[in-house]
Amino acid sequence: MGAAVRAERRITVWEDARLKALLLDADGRVVGAVAARGPGVRLVEITATAVVLATGGAGGLFGATTTPAALKGEGLALAARAGAEILDPEFVQFHPTAIDVGLDPAPLATEALRGEGARLIDGEGRFLLGEAPDADLKARDVVARAVHAARMEGRGAYLDARAAIGEAFPHEFPAVFAACMRSGLDPRISPIPVMAACHYHMGGIAADADGRTTVAGLYAVGECAATGVHGANRLASNSLLEAATFGRRAGRAAALETGGGRPSPVEVTPDLPEAAMSELRTAMTAHAGVVRNEAGLSGLIALIDRLEAQYGSAAALEAARLVVQAALDRRESRGGHYRSDYPQTAAVADHTRVRNVRPAMRPAVLEPAA
Ligand SMILES: Cc1cc2nc3c(=O)[nH]c(=O)nc-3n(C[C@H](O)[C@H](O)[C@H](O)COP(=O)(O)OP(=O)(O)OC[C@H]3O[C@@H](n4cnc5c(N)ncnc54)[C@H](O)[C@@H]3O)c2cc1C
């Protein structure tokens with residue numbers, strides 16, 4: 001894909017650019033973007049008849065994540081700031097078997113290992129989800145909670161591939177094997193320490209089947225978009241399929257856009273200092289992670305308020321607020337969103353739709369799913 005983009009002469013690639021704001025005209029149509037470029041952080045204004053956001057998920061908002069730390073939900077926040085509807089931001093998927101060897105992002109022990117018979121055990125060698133051969137193959141959220149609970153109880157959580165895969169590990173699962181060996185862990189000899197980690201954002205910028213958002217001139221594709229196809233709990237491997245399918249459609253639709261007025265002056269998002277980002281990430285994993293409750297989520301809102309007062313409205317903080325406020329408002333458990341104080345699933349599935357998050361964040365509005 002990268003090679004195809006580079007080979008296309010009509011595409012200009014800026015690898016050193018970061019999105020800092022979306023440009024709007026007087027009618028509220030998106031007419032371009034502001035990017036920060038280079039080590040000297042030069043701000044560049046780019047005008048366009050359409051903008052397609054493909055800024056990925058929000059795993060970098062969490063301390064424990066399988067995704068790069070650069071994915072801080074900035075596209076999500078800036079789209080919300082431009083007035084775009086945000087759909088189900090509380091629906092975050094946590095992968096149950098991120099390898100816990102102190103790396104950021106955490107390497108992944110693929111589900112295929114459990115498919116081949118590797119078993120989840122605690123530090124005493126007891127099965128985490130029971131003895132049945134298929135006990136560890138339940139949905140990601142169920143397995144993630146079992147791993148999380150074992151760790152919270154101090155029992156530890158491990159993926160034991162010694163019997164099921166053993167000597168075949170290096171050629172059957174070379175990427176996982178290499179990740180383990182880099183950390184001095186031989187999975188043929190030792191169980192792999194695992195943790196639940198943020199892996200995918202089902203929620204995002206509401207987009208139709210052509211990637212169109214609710215704001216004229218603005219499109220969203222890939223993980224930053226929410227087309228609704230993943231519900232509250234994405235099935236493995238569906239995201240690349242979604243990105244390829246809707247990405248193509250969005251490109252075609254965006255190319256047909258015309259018009260747009262002069263860009264109005266815009267506020268550029270400040271960066272969050274590293275220490276503040278680190279504080280946010282630790283708190284997000286602790287309180288907006290696998291298991292959530294009102295006290296933890298309310299504490300997170302207070303933390304985001306404090307960081308915003310100190311450092312300004314950084315996009316990462318606004319993205320975190322979208323996730324946390326919607327998680328607080330959804331008083332049920334569904335898919336990747338689990339509330340220990342509301343463990344039941346509501347009989348009717350509702351979407352969360354958030355609009356007009358600036359200047360004052362409005363509470364999420366629940367509307368019946370289509
Ligand atoms: C370890 C792992 C394994 C996975 N395995 C599978 C799988 O087998 N099958 C499957 O379907 N899915 C899988 N997924 C999920 C899938 O990889 C992602 O959903 C997909 O890559 C998202 O693609 P994207 O283009 O939307 O975003 P990304 O590939 O995440 O790209 C987003 C880009 O936007 C950039 N960006 C973010 N913010 C800004 C900003 N402010 N300014 C400029 N640039 C910005 C980022 O740096 C990044 O380069 C996996 C994910 C992980 C983490």
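## G166 and beyond

Guide: G166 touches A161 and R188, leaving aside residues up to four places away in sequence. This is a predicted model, so those contacts belong to a prediction. The glycine sits in the loop between β8 (158–160) and α5 (169–172). Is G166 buried or exposed? G166 is buried, because its relative accessible area is 9% and the cut-off for buried is under 20%. There is also a link across the sequence. P187 is 21 residues from G166 along the chain, and their C-alpha atoms are 7.5 Å apart.

How far can the rest be trusted? The mean pLDDT of the protein is 94. A value of 70 or more is reached by 96% of the residues. One stretch falls out: residues 359–370 have pLDDT under 50 throughout. The model still gives that stretch 31 contacts beyond four places in sequence. Where pLDDT is low, predicted coordinates should not be read in detail. Treat those 31 contacts with that caution.

Other loops deserve a look at their backbone. Most residues other than glycine have a negative phi, and most peptide bonds are trans. D88 is not a glycine, yet its phi is positive, at about 50°. D88 lies in the loop between β5 (86–87) and β6. D88 counts as buried because its relative accessibility is 5%. S237, also not a glycine, has a positive phi of about 80°. Its place is the loop between β12 (225–226) and α7. S237 counts as exposed, because its relative accessibility is 60%. So D88 is buried, whereas S237 is exposed. The peptide bond from D104 to P105 is cis, with omega near 5°. P105 is in the loop between β6 (92–99) and α3 (111–115).

Now the ligand. Which atoms come within polar reach of ligand nitrogen? A backbone N or O atom of L19 is 2.7 Å from a ligand nitrogen atom. A polar side-chain atom of S239 is 2.7 Å from a ligand nitrogen atom. A polar side-chain atom of R234 is 3.4 Å from a ligand nitrogen atom. Alone, the ligand exposes 1,000 Å², and the protein buries 66% of that.

R81 counts as buried because its relative accessibility is 17%. Where does the side chain of R81 reach? It reaches the backbone oxygen of S313 at 2.8 Å. The side chains of R81 and E318 are joined by a polar contact of 3.0 Å. Just after α2, G83 takes a positive phi of about 105°.

L328 counts as buried because its relative accessibility is 13%. Setting aside residues up to four places away in sequence, L328 touches E294, L297, S298, I301 and R339. G296 is 32 residues from L328 along the chain, and their C-alpha atoms are separated by 9.2 Å.

Back to the start. G166 is buried at 9%, in the loop between β8 and α5, with A161 and R188 among its contacts.

Technical notes:
Residues numbered from 1 in each chain as written. Heavy atoms only, no water. pLDDT = per-residue confidence, 0-100. Contact = heavy atoms within 4.5 Å. Polar contact = N/O pair within 3.5 Å; in protein donor to acceptor, adjacent residues only side chain to side chain. Areas by Shrake-Rupley, 256 points an atom, 1.4 Å probe, with all protein chains shown as cover. Buried < 20%, exposed > 50% of the residue type's maximum accessible area, 1.4 Å probe, protein only. Helix = DSSP H or I, 4+ residues; strand = E, 2+ residues; numbered from the N terminus.
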